[in-house]
Amino acid sequence: MDVSVKFVGGGSIVNLKPVFSTNGESIFVASKNSISQYNTRTGKEIYQYKGWDTDVIGFDFHVIDSLECLIACSKSGQLLVWKVGNKVILLEAQIPKQNVTFFGLVSGNLVNGLDVLIAYKGVRKQAAFCIVNTKKIDEQKVLLKIPKRALSAHICKEKFFAVVMGNVVYFVSLQTFLRSSYKMAENNRTFTCVACHPEEEIVITGDDTGRVVLWQGIFSKKTQAVFHWHTLPVNCVAFSTLGSHFYSGANESVLVKWIIENPSIKQFLPRLPAGIAQLAVSDNNAYVAVATSDNAIRIIDSRMSQVGLIQQLVLGTNYESGITYDPITRSIVMNGNVGCVQFYSPSDMSLLYNVDIVNQNKLTDERNCKIENTEVIKLALSEDGRWLATTEERKEGKLCKELRLKFWFFDTTKQSYELNTSAEFPHEGSINSVQFQPSFKGDNLKCITVGNDKSFKVWQVIQISNVYRSGPVWKCVNIGSFRDMPCRGLSFSIDGSLVAIAFGPILTVWAAENCELKSSLLHSSYKEKIKCIQFGKGSQCHLIVTASKSHLCVWNILTLTLSWVANVPDITLLVADSLSTYMILLCNGKKNRKPVRTMYIFEPAASTLLFSSNDLIKESENIVAATFVPSSYSSDTRLQWYERTNLFFMTARSELYCISKSEEPYVYKENVEDFSEKLSIFDKIKPKIQTSQVTRDVKQHMFRRDMSYKGYKDYIEAPLETLPPISLLAASLLKSLVIQREEFPKHV
């Protein structure tokens, strides 16, 4: 089975500080083992620099030998220098150190070599800082060794660098190699970040009590000036180009601009969507890049106004709502910012939009107190994407608990979801499952919620008309329970007439129309609590698959018998493909104290595995959510399941991956057309005059395929306004899908 795992989004772009180009028109952002160049104003990606074998741990933009260059180093010590103008690699070097944790350019040129400052893990769990020349890789001068703990460092061109670790700040001169340090007397304070002045021997540090301390005379008699506004620990600080002012940010989601000569004068940019993680200032002081923890970089001008945005997949704190496919936008829906859901397009790796579900201001934590916000717990989309159901909850112990069920309708005119119905406390406990009735063409659409109050509720859309409003609303029409047992898991049959719900170890089947119990199934040998349920699809719609912690069971609801059982440990997710009869089982386990990620592909009709692998996703973190998304070839029944659909899954590190075919499926083409790259779209549809000569040579048909796939693809994907009416192209398109049979000519 020719399948592979591809990275399609997620992962943090704010772990490293972004870097501006010299003129400030471009900004460079690192993510995993690549660096992307964006336009500062529009946020559009210009180019992606690749070539590092491991994650990039440090990069910078410099003019080297009158050339604008991007220089970066990976965790394994791989150093690359790119010429930004024509996107070519000017220098590649391998630093003979593993576990590199810091990188910065000191000075040099391409002829005599570049002097770079790196930090790596030394002996006895120490972090060692040393200078390396790219022409003399083996010669390294160690400047500083400190205990290997959480640290932050910054370099001031060719002059000095500063490092903070715990409650100690270190200063090291790059010219005289003089070292100096200072230890805070207050043991309850810890340094969190550091930044060096661009011209003078001045350093600013942030600590976990919200203070910013400015240090002068760092190699002689040290003096301090304290700037204090933040309540939470300071995450980042950055000087302006001339060093007359600086910026600071923390998890209060407020950017603060300080004037060094007058600390009482401050400017604020409040109510950012998330906490501030990184700060960078352009060389011309025109822009400030504010990297926030929601995986976005906001471009701020000198007036403290936002002028640009680079937004990637929002890194949610949890993905309890799972992943859902939206057929309208062909995107996947999942948790986003606090109280929001995001619509992410995996085809072009772009965030389409966010929907604010809770409609509340985000409350930031206090210094010694964590404040709970209302979070989106579960979500579901109807089969046509017109209805969105969300459940939101604020967990505050037994005080001030909030629980709501909301139904949203998609307004085709505004192209957005609008709130239709909001139900306060739909269950007495949290809601663990919600799902719409599939394959229902009418106004009486139903939705079922399963709660921790040992009951499930059937909601139905009805029409009302009163003095307040008229139109469709949602109403609870039925409530079901079984033996006062806790319930979990929910799955509709393919036609929507039946619904399966698990009550402890018992599988129950109900009629969706009147909430009538049809059957309850339990095997005496398997009494583990059921966590996942899936109805079979297609010809196997009479089968129900249940998954507990260590067993996979398949029930036949026609004969009310157990078809087969498999012992599968550490089951995490059970996902069914809506376009085929296949299901995928994902397991997060451990073997010899090492994490093991295993994927099983099977059909409910037989216990024989169609495919299993623990290599495809072995390097991933725990898988927390997954869903199937139809591909562009979903209607072609000749293809295999992995060619028709793609399996997307989210890891605990908020990285989105896709399991699909390694290559695109072959598209059958007509052999008589000439699609060379030199022809335009109009040349391809223009009739051609062909001449032929009668020959007595025997013509043999070899059933061979035309390999001009790229031209044919360009022809099909051409803009509609440039093509003739489809009636003129129908014949040739149909012929291209048929392999003609030719026989040897008969000789008389």
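The charged end of K141 sits over the ring of F177, at 4.8 Å from the ring centre, where sitting over a ring requires NZ of Lys or CZ of Arg to be within 6 Å of the ring centre and within 35 degrees of the ring normal. The model is a predicted one, in which local features need pLDDT of at least 70 and side-chain atom pairs count only at pLDDT 80 or more, while totals for chains, interfaces and linings use all residues. Residues are numbered from 1 along each chain as its sequence is written, and side-chain values use heavy atoms, with hydrogens and water left out.

**Aromatic pairs**

- The chain holds 32 aromatic pairs, counted when ring centres of Phe, Tyr and Trp (its six-membered ring) lie within 6.5 Å, with planes under 30 degrees apart called stacked, over 60 edge-to-face and the rest tilted.
- F246 and W258 form a stacked pair, with 6.1 Å from centre to centre and 15 degrees between the planes.
- This pair links distant parts of the chain, since F246 lies in strand β23 (residues 245–250) and W258 in strand β24 (residues 255–259), twelve residues apart.
- F246 counts as buried because its relative accessibility is 0%, and W258 is buried as well, with a relative accessible area of 1%; buried means under 20% relative accessible area, exposed over 50% and partly exposed in between, using a 1.4 Å probe and protein chains only.
- The rings of W564 and F602 have centres 6.1 Å apart and planes at 90 degrees, so this pair is edge-to-face.
- W564 belongs to strand β49 (residues 561–567) and F602 to strand β52 (residues 594–602), so that the pair links parts of the chain 38 residues apart.
- W564 is buried at a relative accessible area of 11%, and F602 is counted as buried at 2%.
- Ring pairs also join W387, F407, F409, F436, W459 and W474 into a cluster.

**The chain as a whole**

- The chain has four helices and 56 strands, taken as DSSP runs of H or I with at least four residues for helices and of E with at least two for strands, numbered from the N terminus.
- Of the 748 residues in the chain, 51% are buried.
- Among contacts (heavy atoms within 4.5 Å) between residues at least 6 apart in sequence, 43% join residues at least 24 apart.
- The chain exposes about 37,300 Å², of which carbon and sulfur atoms supply 49%, the areas coming from the Shrake-Rupley method with a 1.4 Å probe.
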